[in-house]
Amino acid sequence: MLKQKHTNPNIMQRPRQMQRLLFLLLAQLLKVVFCDTNEGPEHERRHGGPTLGHWTYTDQDWKKDFQQCEGKSQSPINIETSKTMFNKNLPKIILEGYSLPETTSLNLTNNGHTVKLTLPDSMSISSGFSQKYLAAQLHFHWGSVSSSGSEHTVDGTRYAAEMHVVHYAAKYGSLSTAALEADGLAVLAVLFQVGPNDNKNYNHIFDKLQDVSEEGVIVQIPGFDVNTLLPRQLYRFFRYNGSLTTPPCFQTVTWTVFNDTIQLSKAQLHKLETNLKTGHHTLDSNFRFVQPLNGRKVFASFSATLASRRMVTKEDTAESGGDDKSGSELREPNAYSTHSGDTLAIIFGILFGCTVLVFVIYVLRQRKRRSLNTESGQKVIYKPTTTMEA
Ligand SMILES: [Zn+2]
């Protein structure tokens, strides 16, 4: 009966189906947007917060237990220098209170994922962002005795190791509260390369690594000038919005990856790579794989495509102070040399290929000419190589 009333039921139903489809699509979109921006404390409770959930670097399928780890703004990333956007308006980073008196006592701990040095909130980034960020801790990511282990890569190059100095927005009062807010965290990242000498600035920490080899152990070390762990030139850096590189992967980190790298000796890196344990195993290769950019922009505070990556020598770090004629004393980093070598190899390869091609064409043409000459019964005249130069 109903069918008789509606002469063409399909036409009547189609708009309703379309509406339902659109509604479902919109609901899904809202869900995605909402989950990606901020899941709030409820999410943290569900997943036990940053310290309770069990996860490892060998199985990085963290999204099973930590939903945000499959978000669209994850870290670390590969920084493609040719695609970075030069932004001359990025404010210079100024650090305050980084020179700690020896009377300060700092906790160094092996938490099973990294070695972490707790920092007092008297240390801060006073300029560089639109708000003040207070220091909380610094920690390291490294590879193994046979492989590099930085988290961020630059133009596909993975550096020997990486240090993160974690700060939280002062207005949120604590690291755990700030970690849930979109503008909550600011992390300064330093990339390491292998150098010929020990970097004594790092001995404050590395001399104590043996003491924290067991997971869960905490030792105390006296305060020192933390500026000396950073490159002296803080105005060359990459900036992007990303996440914690460990579960729960909150997407609340404004990343600053310094362009200038720091040198550590092989022996110092060896200490990092072999001294610490997670359970009964050596704690090594504690870096997360690079994550897709998903359209995010990476800004550079300098013209990244024109400047070569710089390796900072011991003399070039903050401790030496004074002399700032940096540029001329700098050595080309390994990564840069490797790239130059690759470029040369490609150029020579192309030139060689072209020469071979020209020669083959010449030989073929000569053969053709010869066969034509033979067919027409003319005498074949062999011309020596001089013709090729014509
Ligand atoms: Zn880290």
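**Entry 1: a buried threonine**

I began with a cut-off: a residue is called buried when its relative accessible area is under 20%. The model I am reading is a predicted one. I looked up Thr-252 and found 3% relative accessibility, so Thr-252 counts as buried. Next I asked myself: where is Thr-252 found? I traced Thr-252 to the loop between strand S13 (237-242) and strand S14 (253-258). Then I listed its contacts, leaving aside neighbours within four places in sequence; among them are Ala-179, Leu-180, Glu-181, Gly-242 and Ser-243.

**Entry 2: the zinc ion**

Which residues are the protein donors of the zinc ion? I noted His-139 (NE2), His-141 (NE2) and His-164 (ND1), lying 2.0 to 2.1 Å from the zinc ion. Along the sequence, I wrote the spacing of these donor residues as H-x1-H-x22-H. I then looked at where two of them sit: His-139 is in strand S7 (residues 133-142) and His-164 is in strand S10 (residues 161-169). The pair is 25 residues apart and links distant parts of the chain. I also checked burial, and both His-139 and His-164 are buried.

**Entry 3: the nonpolar cores**

I turned to the largest nonpolar core and found that it has 47 residues. Leu-138, Phe-140, Met-163 and Ile-205 are the ones with the most contacts inside this core. Which strand gives the largest share of this core? My answer is S7, with five residues. I also found a second, separate core of 26 residues, which includes Ala-136, Tyr-168, Phe-238 and Val-257.

I stayed with Phe-140 for a moment.

**Entry 4: aromatic rings**

How many aromatic pairs does the structure hold? I noted twelve. I looked up Phe-129 and Tyr-133, an edge-to-face pair at 5.1 Å centre to centre with 65 degrees between the planes. Phe-129 is buried, with a relative accessible area of 16%, and Tyr-133 is buried too, at 3%.

My next pair was Phe-140 and Tyr-202: the ring centres are 6.3 Å apart and the planes are at 70 degrees, so this pair is edge-to-face. Phe-140 lies in strand S7 and Tyr-202 in the loop between strand S11 (185-195) and helix H6 (203-206), so the pair ties together parts that are 62 residues apart in sequence. Phe-140 and Tyr-202 are buried. Last, I noted a cluster in which ring pairs link Phe-140, Phe-192, Tyr-202 and Phe-206.

Methods. Residues numbered from 1 in each chain as written. Predicted model: local features only at pLDDT ≥ 70, side-chain atom pairs only at ≥ 80, totals over all residues. Heavy atoms only, no water. Donors = N, O, S within 2.8 Å, 3.2 Å for Na, K, Ca; no water. Helix = DSSP H or I, 4+ residues; strand = E, 2+ residues; numbered from the N terminus. Buried < 20%, exposed > 50% of the residue type's maximum accessible area, 1.4 Å probe, protein only. Contact = heavy atoms within 4.5 Å. Core = buried A, V, L, I, M, F, W, Y, C linked by side-chain atoms within 4.5 Å. Phe/Tyr/Trp six-rings, centres within 6.5 Å; stacked < 30°, edge-to-face > 60°.
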